[in-house]
Amino acid sequence: MTTTHKPATRLLRAGRPHRGWINTPVTRASTYVFDSVAEWRDTRERREKERLASYGARGTDSTHALEDALLALEGGHRAQLYPTGQAAIAVVLLAALRAGDHVLITDAVYEPVRRFCANHLSRLGIAYEFYPPDGSDLSARIRPETRLIYAESPGSLTYEMIDLPAVADLAHRHGALLAVDNTWGCGVLCQPLALGADISILAATKYLGGHADVMMGAVVCNARAWPAVQQASIDFGQTVGADDAWLVLRGMRSLTVRMAAHGAAALKVARWLHTQPVVARVWSPALPNHPSHDRWRRDCRGTNGLLTVEFRADITQAAVEAMIDSLALFGLGASWGGFESLVVPVNMRAARSLSDWTGRGPMLRLHVGLEDPEDLIEDLRLAMQCLSPSHP
Ligand SMILES: *Cc1c(COP(=O)(O)O)cnc(C)c1O
């Protein structure tokens, strides 16, 4: 593998350490046996600094191959795998923060992180504070005891972006780290480490796996952030099974082409939705009317399958729920990033602390999958008939 190759090529060459077979065998393993006490002792000393086979929880050929692919995707010094994206976020927060510290968290954060903060950061004596998802007042909110800025850019549901290089600079001037949940950008559309972040977090459950058949989280760190993340990951016993690592790596081989297809189809669906009288707004950073469109053009290499639809304020929640129930091709379910189209109702009043969404129309989030977009538009058209005034 050379760094002169384009990202798509690097992704296909990474994580293939074996000669002959294209794919690394699945190494299901707990115990690793050594030839001598000297080798055993030497490995136990070196494994804190080097990636070595020593015990199943410290990684196998299967997890190492996936970590190599993650490094090819995101850049960075080392990668670590977790059983879910949520576990990856929890370990990053606990690795970076201790009693007395302060963390700034985007108000567009993946919603379960709010619950983690309320249930665990407070009890550990760690102060947390939300900031507006465009990051505009971060320099006023940062304190001497701020150790971490936690971002999600584009953010959940409304996709606002921060100025990543500027926020990274601000964090570093104050001796803090910048961690970015990059599940939206998935390494193909956005690479936070290249823009100055210290930690990139991925729900590999979503686009990396890509087939709705595996749960996994990943963290990619620069050299500065790695020691604390490594230590916390070992201490909290975080690891993944070899079969799951193999599934995610298999999914990643088609990541670049899947992202191009998801993005093109989502734009088609967005343009059609935009023409519908019952739709007040379609949220995607790739649309020119989005508040972060210029940042998206600067920092991202495309868009994904996510669209949030805001209906007119005179459309009722009940009507939108009936519309969701009548969709045939969009499954109603959590997560996204698989090959299939999904829909969920969105409650912005629960998802935000700083902005007021009262009086706005009902909202839903679509994940545009790899079906033919014309079929998806027809499915939406039929379901949305019940929203127009002639069908009360
Ligand atoms: C889904 C998601 C997660 C959590 O991933 P799981 O594997 O479901 O735990 C974290 N961050 C974002 C932005 C997500 O969309």
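This is a predicted model: local features need pLDDT of at least 70, side-chain atom pairs count only at pLDDT 80 or more; totals for chains, interfaces and linings use all residues.
**Entry 1**

I began at the ligand, where one of its oxygen atoms sits 2.9 Å from a polar backbone atom of Gln 86. Lys 206 takes part through its side chain, with a polar atom 2.5 Å from an oxygen of the ligand. How much of the ligand does the protein bury? Taken alone, the ligand exposes 380 Å², and the protein buries 92% of that. I then listed the surroundings and got 13 residues, the closest being Gly 85, Gln 86, Asp 181, Thr 205 and Lys 206.

**Entry 2: Asn 304**

I moved on to Asn 304, which I found in the loop between helix H11 (293-299) and strand E9 (306-311). Is Asn 304 buried or exposed? Its relative accessible area is 0%, so I wrote it down as buried, the cut-off being under 20%. I checked where its side chain goes and noted two backbone partners. The side chain of Asn 304 reaches the backbone oxygen of Trp 184 at 3.2 Å, and it also reaches the backbone nitrogen of Leu 306 at 2.9 Å. Leaving out residues up to four places away in sequence, I saw Asn 304 touching Trp 184, Leu 189, Tyr 207, Met 259, His 262, Gly 263, Ala 266 and Trp 336.

**Entry 3: salt bridges**

I searched the whole structure for salt bridges and came back with 19. As a reminder, side chains of opposite charge can pair when their charged atoms come close.

I opened the pair Asp 42 and Arg 46, whose side chains meet at 2.6 Å, N to O. Why are they about one helical turn apart? Both belong to helix H2 (residues 37-46), and they are separated by about one turn because they stand 4 residues apart there. Asp 42 is partly exposed at 32% relative accessibility, and Arg 46 is partly exposed with a relative accessible area of 32%.

My next pair was Arg 58 and Glu 48, which form a salt bridge at 3.3 Å, N to O. I placed both in the loop between H2 and helix H3 (61-74), 10 residues apart, so I logged the pair as a link between distant parts of the chain. Arg 58 is partly exposed at 23%, and Glu 48 is partly exposed at 33%.

Then I looked at Arg 312 and Asp 314, with their side chains bridged at 2.9 Å, N to O. Here Arg 312 counts as partly exposed, with 27% relative accessible area, whereas Asp 314 is exposed at 54%. I also followed up shared partners: salt bridges join Glu 129, Asp 137, Arg 141, Arg 143 and Glu 145 into one network.

**Entry 4: a sheet**

I finished with an open sheet of 5 strands, and I read its order as E8-E9-E12-E11-E10, with mixed pairing. Which strands stand at the edges? They are E8 (279-283) and E10 (331-332); each has a single partner strand, so one side of each is left without a neighbour in the sheet. I zoomed in on E10 and counted 2 bridges joining it to strand E11 (residues 342-346), the two running parallel. For one of the residues there, I looked up the partner directly: Gly 331 has Leu 342 as its bridge partner in E11.

Methods: Residues are numbered from 1 along each chain as its sequence is written. Side-chain values use heavy atoms; hydrogens and water are left out. A salt bridge is a side-chain nitrogen of Lys or Arg within 4 Å of a carboxyl oxygen of Asp or Glu. Buried means under 20% relative accessible area, exposed over 50%, partly exposed in between (1.4 Å probe, protein chains only). A polar contact is a pair of N or O atoms within 3.5 Å; within protein, one must be able to donate a hydrogen and the other to accept it, and residues adjacent in sequence count only if both atoms are side-chain atoms. Contact means heavy atoms within 4.5 Å. A residue is near a molecule or strand if one of its heavy atoms lies within 4 Å of it. Accessible areas come from the Shrake-Rupley method with a 1.4 Å probe; for residues, only the protein chains shown count as cover. Two strands pair if DSSP finds at least two bridges between them.
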